[in-house]
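Open your viewer and get ready to select a few side chains. We will walk from stop to stop together.

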Amino acid sequence: MATLVQNRNYLKLIGSSAATNLADGIASVAFPWLATLLTRDPFLIGFVAFVGRLPWLLFAVPAGVLTDRADRRRLIVQADCFRLVLALGVVALVLSLPEAPAAEGATPFILALSVLAFLLGSAEVVRDNAAQTLMPSVVERHELERANGQLWSVETILGSFVGPPFAGVLIAFALPSPFALNAVAFAMAAMMVWFIVLPPRLAPPRRAWRVEVMEGLRWLWSRPILRRLALSLGVINGLATMALVVLVLLSQERLGLTATGFGLLLTAGAAGGVLGGFLCPAIVARIGAQRSLTLSLGLIPLPFLIIGLSGNVIITGAALFFETLIGVLWNVVTVSYRQRTIPDELLGRVNSVYRFFGWGTMSIGALLGGVIVSASAPYLGRDAALAAPYVLAAIGTGALFVWGAARLKIE
């Protein structure tokens, strides 16, 4: 197979991921900002994030069966086309908004936004699971760490470095424009994947859904390392989402940021992902996968604690930078380990079960973040209540490190 630079299929796959991650980066600012224009209630803002992440809990496992049964390339194209239509639906919703919706009049719009977020999240589950299982078919196994590192760098640059501040500019220009641009990005992503050429893949014989799901579940559960990694990721993602869901309110009320400033704050965090994408594969090669995994796990609590206690925008941006870099180190180790370990005929199902445990908790975390702020504000005050999810995330991930340092041993 050609090198990564010469590998046209890889370049198309990475280009498609760049387009969809630009759209995701824009949405990471545009969606919560739109929600704050409709309501200041942390619970309702958390609810929109909750339904957007709920598909990872509901559909991650069925998506794995679908990924192993179907043409993975075609599945990605169909998911991106569906997201294109949904992005246009958000544009229509924004255009229908009154100039200044009253609190009681905003409820139908919050519900409509929640439905669109749920459908977009559902398509994302199918798309992401299929795309991750496609990578081992596109590059040689010995190139997986480098390919994944480069992919995450591109995804981070577009999704977190370019997308968020660009969203702020687009919001200032016209509120519907970020969602219109997302529709264009999804169209480009679908087109690039459509032109990937792979040899025909012999799909396994179809059996009952329950049989195929249980096969993937049993395979993962019988591997203690993969099982513990999945559960650990679930704790990390649940706690991280619990904190992240209130970041938009914390940025507005504590840091005094505009939409553009909020986007730039997320971009500062993304710089850590850009650096991590190039640096982390070298770290893994130098100190080994096991030490890299333990290092990332031990550093995860620090940025949560810093953001929760700091009211300084520079320090907050630096903590987000550090948080993203650590996340890339974790991903380079664990995703490459999964892609190398799981048989191709089970890759979609095992990956989906892994993501069910690892990503399904994000919906719970999103809802929990809003509930914690709403419930604690009368007792702690609004500012301390907004910081509470971050402090709790630091405590929870610290406890995970104490547990995982002895039990997460990559074979």
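What follows is a short tour of salt bridges, ring pairs and a surface patch.

This is a predicted model, so local features need pLDDT of at least 70 and side-chain atom pairs count only at pLDDT 80 or more, while totals for chains, interfaces and linings use all residues. Residues are numbered from 1 along each chain as its sequence is written, and side-chain values use heavy atoms, with hydrogens and water left out.

**Stop 1: salt bridges**

A salt bridge here is a side-chain nitrogen of Lys or Arg within 4 Å of a carboxyl oxygen of Asp or Glu. By this rule there are five salt bridges. Select D80 and R127: their closest N and O atoms are 3.1 Å apart. D80 belongs to helix α4 (residues 72-95) and R127 to helix α5, so this pair ties together parts that are 47 residues apart in sequence. Helices are DSSP runs (H or I, at least four residues), numbered from the N terminus.

Are these two residues buried or exposed? Buried means under 20% relative accessible area, exposed over 50%, and partly exposed in between (1.4 Å probe, protein chains only). D80, at 0%, is buried, and R127 is buried too, at 2%.

Next, select R382 and E253, which meet in a salt bridge of 2.8 Å, N to O. R382 is in helix α17 (residues 382-407) and E253 in helix α10 (residues 247-253), 129 residues apart. Both are partly exposed, R382 at 31% and E253 at 36%.

**Stop 2: aromatic rings**

Rings of Phe, Tyr and Trp (its six-membered ring) pair if their centres lie within 6.5 Å; planes under 30 degrees apart count as stacked, over 60 as edge-to-face and the rest as tilted. The structure holds six aromatic pairs. Select F47 and F50: with centres 6.0 Å apart and planes at 40°, the pair is tilted. Both sit in helix α2 (residues 42-58), three residues apart, about one turn of the helix. F47 is partly exposed at 25%, whereas F50 is buried at 16%.

Now pick F59 and F118, an edge-to-face pair with 5.9 Å centre to centre and 65° between the planes.

**Stop 3: a surface patch**

Finally, select F161, V162, F166 and V169, which make a nonpolar surface patch of about 300 Å². Patches are made of residues with over 30% relative accessible area and no salt bridge: like charges are joined within 9 Å, nonpolar side chains (Val, Leu, Ile, Met, Phe, Trp, Tyr) within 5 Å. Accessible areas come from the Shrake-Rupley method with a 1.4 Å probe; for residues, only the protein chains shown count as cover. V169 lies in helix α6 (residues 144-173) and is partly exposed at 45%.

How values were computed:
Helices (H or I, at least four residues) and strands (E, at least two) are DSSP runs, numbered from the N terminus.
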